[in-house]
Amino acid sequence: MPKSVIPDYSEGIPSSTAATQSGVPIKTEAMPPEIIPADELVPQKLGDSEETKTEVNIYKINRPYRDIIKAIKKNE
Amino acid sequence: MNEIETESKTNDRLEQGDVYSNIDYIESIETIENDIFIKKIVFPYVVVLSQDCDLEQASAYYRETEKPDDQDKKLLSIIVAPLYNEEMFLKGEHLADATINYKMQIFTKMKKGNNLTTQYKNLIDNKNPRYYYLSFKDKTIMPPSIIDFKHFFCVDISYLNSCRKEKFICKIKALYRESITQRYSHFLSRIGLP
């Protein structure tokens with residue numbers, strides 16, 4: 001048998017739990033999605049598609065970066 | 001907060017609301033003696049803001065057959081806006097790469113009692129006119145992202161057409177993309193008050 005977890009309501013009962021206990025549905029605001037720390041993210045493989053790129057490493061957290069390309073001017 | 005619905009298939013043309021990866025913004029091209037220096041910023045994700053019927057008309061020029069006789073409806077470039085990762089954005093570090101190092105505003109998410117701050121609630125409810133918060137329904141496609149309407153640039157349409165399939169991530173559904181461009185145009189047309 002798995003150990004039962006007793007919730008800590010020392011700071012009040014969350015509205016969703018209160019709704020379950022009273023049987024009266026209370027409309028609660030959707031919480032924002034949990035942010036996963038960058039170092040815990042793993043590459044996700046998306047389904048194959050004929051028209052699109054087959055593999056997208058979407059959770060590769062990268063930010064904009066500056067790049068400088070040096071080219072040699074050709075004198076004609 | 002509405003979740004953004006997307007489609008993972010691209011049509012045969014560029015569309016408003018398309019999300020592309022690794023798009024270059026050319027800052028400058030400088031010639032020093034025999035060398036050419038191209039300075040650019042690579043944005044991991046951008047969303048297309050240009051009007052969709054303009055893009056549709058322009059797509060006729062990139063067809064294999066039945067190309068128009070003139071270039072009247074051909075576009076030079078399309079407007080895109082970077083999508084910033086929420087986690088970095090909240091810390092004000094989304095442009096804090098060693099090569100750019102911009103110090104941006106920090107957003108506090110939680111306050112005492114584990115409640116969301118008004119600043120964060122305004123952000124995710126899209127009540128701050130400068131930003132557009134995108135929470136994607138399909139989390140495997142895109143993580144929660146933010147558009148800063150102060151940041152946008154143009155990309156050459158021929159270039160994006162040529163690498164469209166390779167860089168395509170997803171397409172934001174029409175209803176949501178209209179909401180983005182409506183707020184973008186509203187922000188752009190605001191009266192600048194001191």
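Leaving aside its neighbours within four places in sequence, which residues is V46(B) in contact with? Once those neighbours are set aside, V46(B) is in contact with Y20(B), I23(B), V80(B), A81(B), P82(B) and L83(B), where a contact is two residues whose C-beta atoms, placed from the backbone, lie within 7 Å.

Before going further, a word on what you're looking at. This is a predicted model, so local features need pLDDT of at least 70 and side-chain atom pairs count only at pLDDT 80 or more, while totals for chains, interfaces and linings use all residues. Residues are numbered from 1 along each chain as its sequence is written, and chains are lettered from A and ligands numbered from 1 in the order in which they are written.

Now zoom out to chain B. Its C-alpha atoms fill a box of roughly 65 × 50 × 40 Å along the principal axes. You'll find 6 helices and 11 strands in it; these are DSSP runs numbered from the N terminus, with helices being H or I of at least four residues and strands being E of at least two. Take the contacts in chain B with a separation of 6 or more: 67% of them come from residues 24 or more positions apart.

Of the 194 residues of chain B, 31% are buried. Buried means that 20 or more other C-beta atoms, placed from the backbone, lie within 10 Å of a residue's own; exposed means 12 or fewer, and partly exposed is in between. In soluble globular proteins, nonpolar side chains tend to be buried together. Here the largest nonpolar core has 40 residues, and V46(B) is among those with the most contacts inside it, along with V19(B), V47(B), I78(B), V80(B) and I147(B). Such a core is a set of buried Ala, Val, Leu, Ile, Met, Phe, Trp, Tyr and Cys residues joined through C-beta atoms within 7 Å.

Next, follow strand β5 (residues 77-85) of chain B. Because 7 of its 9 residues are buried, β5(B) is largely enclosed by the rest of the structure. Strand β4 (residues 35-48) runs antiparallel to β5(B) and is joined to it by 3 bridges, with V48(B) opposite V80(B). Pairing here takes at least two DSSP bridges between two strands. β5(B) also pairs with strand β10 (residues 153-156), antiparallel over 4 bridges, and there I79(B) has C154(B) as its bridge partner. Another 3 bridges join β5(B) to strand β9 (residues 145-148), again antiparallel, and N85(B) stands opposite S145(B).
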